[in-house]
Amino acid sequence: MTIGLAPARFGLPASAVDDDLSVLRLIRSRRVGPTTFHRLIAEHGSARAALEALPGIAAQSGIADYAVCPESVAAAELAAGRRAGARLVRHDSADYPDSLRQIDGAPAILWVRGDPAWLSRDVMAVIGARNASSLGLRMARGMAAGLGEAGFTVAAGLARGVDTAAHAAALPTGTIAVMAGGVDVIYPAENADLAARIAECGVLVSEQPPGTEPAARHFPTRNRIVSGLSQGVVVIEAAQRSGTLITARNALDQGREVMAVPGHPMDARAAGCNALIRDGATLVRSAADVADALAQTRPLPAPVVMAAPDPLPPPPRDQGGPIQLESRILQRLSPSPTEENDLIRDLGVPAATASAVILSLELQGRVTRLAGGRLALS
């Protein structure tokens with residue numbers, strides 16, 4: 001529930017009398033979300049004036065004893081941001097990306113680690129399943145690398161699976177990681193090294209206060225930022241009901257291009273992509289397809305050339321024994337054939353260890369070995 005306000009124009013810049021403390025106090029005040037924040041600014045001209053008016057507005061709405069966010073709370077958030085090496089970008093700042101400012105309910109503030117200039121470049125989102133197959137991971141790497149070479153900055157949510165593969169492949173050309181929690185709280189934890197590299201070769205961004213642990217309610221709001229920053233989204237593997245499809249719906253609502261990579265009809269991870277294509281999303285198989293689709297509606301960006309970063313450390317070796325390794329193998333396989341060598345590389349385990357477990361799965365009738373060293377789910 002938000003405080004009732006009369007209709008007003010959105011997106012007006014705050015008065016010059018505003019400072020970071022006032023803006024933070026307003027957006028962190030009880031029942032003030034991004035939409036209410038922008039209405040208050042439009043009606044009262046500044047965050048300071050809106051803070052003064054809020055208790056009276058709340059009383060008129062039947063909310064007794066309303067108190068705005070205390071200065072000490074906002075000051076503590078600013079201090080936490082400084083300790084995290086993050087920078088506050090307000091909605092009225094020149095560093096705030098125009099593409100994001102245009103969406104309904106645009107974030108009032110962003111915390112960023114890295115160069116905020118990446119937020120205002122030509123951005124494409126590459127998103128998909130956390131439990132991606134080996135084929136999906138390979139597609140994500142190729143798609144992100146190709147988009148980077150074509151001049152796009154790749155955005156994703158730093159999640160496991162497709163997001164992680166896309167970020168890692170886009171490091172040489174710049175990438176944006178939109179966080180569900182605080183910009184200093186890396187989730188999942190195994191992406192800590194990747195996040196540090198993104199802060200050097202791109203930017204980490206969140207609208208949550210530093211130190212915030214990600215919660216379920218934060219992910220849908222995070223997703224609207226991923227799509228809002230982007231010219232379009234490319235979906236690589238998504239279940240019929242998933243957070244990935246929430247991002248795709250946000251993109252449609254925001255007037256962004258939605259593209260999807262088709263998958264095998266018997267693979268549940270392809271159901272969302274196939275449904276998007278059925279409903280009118282553009283079918284893409286490569287970065288070249290994405291570029292061709294965008295060229296019909298908007299000019300392509302100029303390629304960005306950056307020094308190649310140091311390679312990421314290899315993925316951690318499997319420590320969970322054969323039962324966990326069986327589960328990891330099954331998650332990465334689908335009814336579509338996967339190269340066994342690619343699967344073993346993605347697993348990050350010795351070839352002999354993986355081969356023994358694959359053989360066990362074959363004997364159980366859960367995996368089928370095909371000609372040419374390929375595997376598929378039975």
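**Exercise 1.** Find what covers the buried residues of H1.

*Solution.* Start with the ground rules: this is a predicted model, where local features need pLDDT of at least 70 and side-chain atom pairs count only at pLDDT 80 or more, while totals for chains, interfaces and linings use all residues. Residues are numbered from 1 along each chain as its sequence is written, and side-chain values use heavy atoms, with hydrogens and water left out.

Step 1: Locate the helix. H1 spans residues 20-27; helices (H or I, at least four residues) and strands (E, at least two) are DSSP runs, numbered from the N terminus.

Step 2: List its buried residues. They are Ser22, Val23, Leu24, Arg25, Leu26 and Ile27. Buried means under 20% relative accessible area, exposed means over 50%, and partly exposed is in between (1.4 Å probe, protein chains only).

Step 3: Look at the surroundings. The cover over these residues includes H2, H3, H4, strand E1 (87-90) and E2.

Step 4: Conclude. Six of the eight residues of H1 are buried, so H1 is largely enclosed by the rest of the structure.

**Exercise 2.** Work out which residues touch the most other members of the largest nonpolar core, and which elements supply this core.

*Solution.* Step 1: Recall the term. A nonpolar core is a set of buried Ala, Val, Leu, Ile, Met, Phe, Trp, Tyr and Cys residues joined through side-chain atoms within 4.5 Å.

Step 1: The largest core has 34 residues, and Leu24, Leu26, Phe37, Ile109 and Trp111 touch the most other members.

Step 2: Find the suppliers. At least two residues each come from H1, helix H2 (34-44), helix H3 (47-60), helix H4 (71-83), strand E2 (109-114) and helix H8 (192-201). With six residues, H3 gives the most.

Step 3: Zoom in on one member. Setting aside residues up to four places away in sequence, Leu24 touches Ala74, Glu77, Leu78, Leu88, Ile109 and Trp111; a contact means heavy atoms within 4.5 Å.

Step 4: Look for another core. A second, separate one has 31 residues, including Leu110, Ala125, Ile176 and Val235.

**Exercise 3.** Is Gly81 buried or exposed, and which residues does it contact?

*Solution.* Gly81 belongs to helix H4.

Step 1: Check its accessibility. Gly81 has a relative accessible area of 0%, so it counts as buried.

Step 2: Name its contacts. Beyond neighbours within four places in sequence, Gly81 is in contact with Ala86, Trp111 and Pro210.

Step 3: Compare sequence with space. Gly81 and Asp184 are 103 residues apart in sequence, with their C-alpha atoms 8.5 Å apart.

**Exercise 4.** Describe the aromatic pair formed by Tyr187 and Phe219.

*Solution.* Step 1: Apply the rule. Rings of Phe, Tyr and Trp (its six-membered ring) pair if their centres lie within 6.5 Å; planes under 30 degrees apart count as stacked, over 60 as edge-to-face and the rest as tilted. The count comes to one aromatic pair.

Step 1: Read the geometry. Tyr187 and Phe219 sit 6.4 Å apart, centre to centre, with 65 degrees between the planes, and the pair is edge-to-face.

Step 2: See what is linked. Tyr187 lies in the loop between strand E5 (175-178) and H8, and Phe219 in helix H9 (residues 218-228), so the pair ties together parts that are 32 residues apart in sequence.

Step 3: Tyr187 is partly exposed, with a relative accessible area of 44%.
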